[in-house]
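This briefing covers a pocket and some aromatic ring pairs. The topics follow in that order.

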Amino acid sequence: MKMRSLLSPLIALALTACVPTPLFRDAPTEPSPSPSAVAAQIEAQMDRSVLWGGMVIALNEYEGYVEIEVLGFPTDTQARPIPQGRDGGRFIAIRAGGVDPNEVVPGRFLTLTGRISGEREVQLGEQRLTLPEVDAREIHLWPHDWNTRERPRISIGIGVRGGF
């Protein structure tokens, strides 16, 4: 009986330690549509809360705000962009104030939360595109080597594991 009373708190503590800490305070509760899906029906998506990830294409600084053009990718369960995933379309993140232009550079990956606030027509080569604009509330820049680091090869569980 005494063993059972000791095991219960230990199991609860172990399970609590496995729960990831949320990265964003304003993350939407349901999955976000891709930027290209939002662009296809922008009026119906206005003011929708989104969590999007992608790669910075360009940074434009203006007085009082910045615009970050991003190539969107799907995100994993930890809100990291999946570069091997399907291109989700481009979008413009608008951020009041500024960002460090030495950190937000083309090729850098980010994840953000915000609300759809409008649309923008852009010329991309011969193609004319409509890009959704998102009022970026929270932006997380991923380390430069985040997707090339080798992940730890640790697993905890009960069972049999083998290999050749």
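Strand 5 gives the largest share of the lining of the second largest pocket, namely four residues. The model is predicted, so local features need pLDDT of at least 70 and side-chain atom pairs count only at pLDDT 80 or more, while totals for chains, interfaces and linings use all residues. Residues are numbered from 1 along each chain as its sequence is written, and side-chain values use heavy atoms, with hydrogens and water left out.

**Second largest pocket**

- The volume of the second largest pocket is about 150 Å³.
- Helix 2 (35-40), strand 3 (89-96) and strand 5 (127-141) are the elements that give two or more residues to its lining; helices (H or I, at least four residues) and strands (E, at least two) are DSSP runs, numbered from the N terminus.
- Among the lining residues are Pro35, Asp87, Arg90 and Leu131.

**Aromatic pairs**

- There are three aromatic pairs, counted where rings of Phe, Tyr and Trp (its six-membered ring) have centres within 6.5 Å; planes under 30 degrees apart are stacked, over 60 edge-to-face and the rest tilted.
- Tyr62 and Tyr65 make a stacked pair, 5.1 Å centre to centre with 25° between the planes.
- Tyr62 is partly exposed because its relative accessibility is 42%; buried means under 20% relative accessible area, exposed over 50%, partly exposed in between (1.4 Å probe, protein chains only).
- Phe73 and Phe109 form a tilted pair, because their ring centres are 6.3 Å apart and their planes at 40°.
- This pair links distant parts of the chain, with Phe73 in strand 2 (residues 65-73) and Phe109 in strand 4 (residues 109-124), 36 residues apart.
- Phe73 and Phe109 are both buried.

Terms used:
On a 1 Å grid over the protein atoms alone, a cavity is a set of points where a 1.4 Å probe fits but cannot get out, and a pocket is an open set with protein on both sides within 12 Å along at least five of seven lines; lining residues have an atom within 4 Å of a point. Grid points are joined across faces, edges and corners, and a volume is the space filled by probe spheres set on the points.
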